[in-house]
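Hi,

Here is the structure I promised to send over. Have a look at it first, and my notes follow below.

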Amino acid sequence: MRFLSYLMSGLGLGSVYAIIALGYTMVYGIAKMLNFAHGDIIMIGAYVSFFALTRFGLPVLAAVPAAMAVCTVLGVLIERMAYKPLRQATSLSVLITAIGVSYFLQNAAQILWSSSTKVFPAVISNGALQLGELSISYLTLVTILTCVVVMVCLTLFINHTKTGSAMRACAEDKGAAMLMGINVNRIISLTFAIGSALAAIAAILLCASYPQVFPTLGSMPGIKAFTAAVFGGIGSIPGAFVGGLLLGIIEILSRAYISTQLSDAIVFGVLVVVLLIKPTGILGRKLSEKV
Amino acid sequence: MLKVENLKVRYGMIEAIKGISFEVQDGEIVTLIGANGAGKTTTMHAISGLIKAQEGSIMLDGVELTKVPGHKIVGMGLAQVPEGRHVFAQQTVEENLLLGAYLRKDRGDITRELEEVYQTFPRLGERSTQPAGTLSGGEQQMLAMGRALMTSPKILLMDEPSMGLSPLLVSEIFQIIEEINQKGTTILLVEQNAKRALAIAHHAYVLETGRITLEGTGEELARDERVRKAYLGG
């Protein structure tokens, strides 16, 4: 029974990773870049929802869209100003720029809101659902449910709408997509918008379980979610989902049964092993270049 | 319909197109022939906006294409079947075709056009739910052509449509090109298979290392001694 309850909290944590990983994987799939500033969008989302809840006294259901709106605009602006001018540049230049953007956001947050930790208010009631002996906290339930809803909506959007089909076309072949009349730049903007909006959702879920807001708060979840995306197969949406959930479960189980200190090392160790065995990740496609 | 004047394209320091001019009249099949590296594909890419021209003008029905963003060119009635087909391998045949109709709004028109493409290429109809990546080379070529037709172009650019296909398929593809033309679509064809291309072309140009060295009707060039030596095997 204890194992089951660990499993549930692993799924909860993994759901947050999965939502963040979607941002990494979609941007990678379409813009072919690793947006290392993605974790810091989470941090901005956390601050925005913190202020929305405390200073402006908004209810949670209003704070979520507020944070999503700010993060969406921020994500699109970052892409437009920092990454778009580098469309023809080498991937190394883009990567370094992304790291630069990440530091910029962290330091901007420190200047604006100081480096002291703020305590995030409780947003989801402390209760738990009792299923016989197993108790699952409402927070875990809400988190898992949110992740499932996000996955279903995103999958439907990508696979069954015209814009989704255009996004897949851009992911495969930007030149051919342009020949169809698809505005590739707009699709890239849209991808950043979706990823950043999801980061805002992740921010609130994250702060609901770890109620501390500080300028580097996005780094660790960002790196973990990136690991999850690579783990599942970067560029693949179901891969981000599977990778995120597995990573969350591995992290919680190793904390519970092996060692709290070593849990991060174990998580990253698993990544190394997976990449050694299957370099494209669990659900990653084979990299084949047709000549 | 299409008028290219003094077009120059550079890749870094290398000048791939050194100032070429040619014209495609309404309703014609015009072909550019030339060896590997002559600049045929570069010319096509410059026209459809995949690369920027450094100098010169490309006019489509009086509109300067070099000033139009690439994704808007197809909406003006110019479509390209790219070299190497470039179908969206992970999407189904039908999804590929519908992406061709990306800019079109009228659902009725799109459905009619889809039917027409399936009539022209019955094999695409049989495989409409299959991922494009599972098609054979010839079928992918047909899909690339069908996808371009779905944009309902006034002028269709085709880059090496016969490349890598069996002789039987090559005949089929060339026959379809003529059919498309007879239905009223102007065609600009780039081919290494000069013999076939000249046989169906109203007008032809020979491109050599970035310059146009010869022009004439398809028949004239097919008879020309220099063309026979260099491109038709003697």
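**Helix packing and the chain contact**

H3(B) and H6(B) cross in a right-handed way (right-handed if the near helix is turned clockwise from the far one by less than a right angle, left-handed if anticlockwise). Helices here are DSSP runs of H or I with at least four residues, numbered from the N terminus. H3(B) covers residues 93-100 and H6(B) residues 137-149; they pack at about 35°, with axes 7 Å apart (axes are lines fitted to C-alpha atoms over the stretch in contact, and angles run from 0 to 180 degrees between N-to-C directions).

This is a predicted model: local features need pLDDT of at least 70 and side-chain atom pairs 80 or more, while totals for chains, interfaces and linings use all residues. Residues are numbered from 1 along each chain as its sequence is written, with chains lettered from A and ligands numbered from 1 in the order written.

Where H3(B) meets H6(B), B:Leu97 and B:Leu99 are among the H3(B) residues, and B:Leu143 and B:Arg147 among those of H6(B). Contact means C-beta atoms, placed from the backbone, within 7 Å.

Between the chains, 15 residues of chain A meet 19 residues of chain B. On the chain A side, helices H6 (162-172) and H7 (174-179) each supply at least two residues, and H6(A) gives the most, with five.

Finally, H7(B), residues 167-182, reaches 23 Å from first C-alpha to last, close to the expected 22 Å (1.5 Å times one less than its number of residues). After H7(B) comes B:Gly184, with a positive phi near 110°.

Cheers

Key
Two residues are in contact if their C-beta atoms, placed from the backbone, lie within 7 Å.
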